[in-house]
Amino acid sequence: MTAKEIEIKLPELTLAAKVWGEEGDPAVLAFHGWLDNAASFDLVAQYLPGVQLICVDFPGHGRSEHRPGRSNYWFLEWVEVITSAADALGLETFS
C-alpha cells in the first residue's frame, strides 16, 4: 500500500500530507505529535482499510512550510490548522 503525497494550500502557507485509500471513502484526518511528522502513520495505514487516511504535517514539521515571520507554534493554534486543512480539502465531514 503506497501513499500519495499532496500539498494543501492555506492562505498563509502550504501543508504537506500523505494520503492512503480511495477518494469517496470516509475521510480520516491524522495529525502527528510534537516531534513527529506525517510519516508516523506509514506503518499504521495498512491496517485501516475502507477509509481515506489523510496524514498532515503540521506547519514547520516534515515537508510543510514554516509559519511566516516570527510566528508562534502554540499547541492551540493547531485547531485552526486542522479546520483550515479540512476546508481546503473540501471535507464536509471527517473523523
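Predicted model: local features only at pLDDT ≥ 70, side-chain atom pairs only at ≥ 80, totals over all residues.

Colleague: Start inside. How many residues does the largest nonpolar core have, and which have the most contacts inside it?

Modeller: That core has 17 residues. Those with the most contacts inside it are I8, L15, L29, I54, V56 and L91.

Colleague: Which elements give two or more residues to this core?

Modeller: Those are β2 (14-20), β3, β4 and α1 (78-88). The most comes from α1, which gives 4 residues.

Colleague: And is there another core? Which residues does the second one include?

Modeller: A second, separate core has 8 residues, among them W20, A38, V51 and L53.

Colleague: Back to I54. What is I54 in contact with, leaving aside neighbours within four places in sequence?

Modeller: Its contacts are A17, K18, V19, A27, V28, L29, A30, L89 and L91.

Colleague: New topic, the strands. In which sense do β1 and β2 pair, parallel or antiparallel?

Modeller: Antiparallel, with 6 bridges between β1 (residues 4-9) and β2. The two form a hairpin, and 4 residues lie between them.

Colleague: Which residue in β2 does E7 stand opposite?

Modeller: E7 faces A16 there.

Colleague: Where is Y47 found, and is Y47 buried or exposed?

Modeller: Y47 sits in the loop between β3 (27-31) and β4 (52-56). Its relative accessible area is 64%, so Y47 counts as exposed.

Key
Residues numbered from 1 in each chain as written. Heavy atoms only, no water. Buried < 20%, exposed > 50% of the residue type's maximum accessible area, 1.4 Å probe, protein only. Core = buried A, V, L, I, M, F, W, Y, C linked by side-chain atoms within 4.5 Å. Contact = heavy atoms within 4.5 Å. Pairing = 2+ DSSP bridges.
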